[in-house]
Amino acid sequence: MGTARMGDTITISYIGTLDDGTIFHSTEADGPLTATLGGGELFPALESAIVGMRPTETRNIFLSAEEAYGPRLKENIIKVARGCFPAEKEITPGQKLGIEFAGNAARVMLVTEVTEEAVTLDGNHPLAGCNLTFALRLDLIR
């Protein structure tokens, strides 16, 4: 039985938690995750921690915010005039909106504040700025 190496296709099961213990994702509901190490499907720091593991081995793997989704960036938060949206469109905090930018670039953004004058949109990943811990088991190497 070998160990995981870059280029291997692996199957893992995990529970991902934040610093406060909140579970942000678990493979329990969706089933194990299959990915190729070095294929850009996992965080590089997570891949590095998996390299050398044997099937059925378990590890707690900590990723700093910088190693995961990065820091929350103020430049990813924008304020848009309420008049840029159709008057009949209801916009509420917590809602996700697909926004098109110049050059046909599109992005899903979270509405964080709505006033009569403006809508504040946050384009940061919801887990940006968060440290992540994975209670991970390597199930299979192919």
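Modeller: Happy to. The open sheet is built from 4 strands in the order E5-E8-E7-E6, with antiparallel pairing. Before going further, a word on the ground rules: this is a predicted model, where local features need pLDDT of at least 70 and side-chain atom pairs count only at pLDDT 80 or more, while totals for chains, interfaces and linings use all residues. Residues are numbered from 1 along each chain as its sequence is written, and side-chain values use heavy atoms, with hydrogens and water left out. Strands (E, at least two residues) and helices (H or I, at least four) are DSSP runs numbered from the N terminus, and two strands pair if DSSP finds at least two bridges between them.

The edges of this sheet are strand E5 (77-81) and strand E6 (96-100); each has a single partner strand, so one side of each is left without a neighbour in the sheet. On average, neighbouring strands are turned by 45 degrees against each other, direction ignored; the axes behind that angle are lines fitted to C-alpha atoms, for helices over the stretch in contact, and angles run from 0 to 180 degrees between N-to-C directions.

Now to strand E8 (residues 118-122). With E5, strand E8 pairs in the antiparallel sense over 5 bridges. Among the residues involved, Lys79 has Thr120 in E8 as its bridge partner, and Ile77 stands opposite Asp122. Strand E7 (residues 106-114) also pairs with E8 in the antiparallel sense, over 4 bridges, and there Val114 has Val119 as its bridge partner. E7 and E8 form a hairpin, with 3 residues between them.

How covered is E8? Of its 5 residues, 5 are buried, where buried means under 20% relative accessible area, exposed over 50%, and partly exposed in between (1.4 Å probe, protein chains only). Ala118, Thr120 and Asp122 point one way from the strand, Val119 and Leu121 point the other way, and all are buried.

Turning to the surroundings, the largest nonpolar core has 21 residues, and Ile10, Leu46, Ile50, Ile61, Phe134 and Leu136 touch the most other members. Such a core is a set of buried Ala, Val, Leu, Ile, Met, Phe, Trp, Tyr and Cys residues joined through side-chain atoms within 4.5 Å. At least two residues of this core come from each of E1, helix H2 (44-50), strand E4 (58-63) and E9, with E9 giving the largest share, 4 residues.

The largest pocket is lined by 13 residues, and Tyr14, Phe24, Phe43, Tyr69 and Phe134 lie nearest its centre. Strand E1 (9-17), strand E2 (23-26) and strand E9 (132-141) are the elements that give two or more residues to the lining. A pocket here is an open set of points on a 1 Å grid over the protein atoms alone, where a 1.4 Å probe fits, with protein on both sides within 12 Å along at least five of seven lines; lining residues have an atom within 4 Å of a point.

Finally, two loop residues. Thr56 sits in the loop between H2 and E4 and counts as exposed at 62% relative accessibility. The phi of Thr56 is near 80 degrees, a positive value in a residue other than glycine. Gly40, in the loop between strand E3 (33-36) and H2, is exposed as well, with a relative accessible area of 63%.
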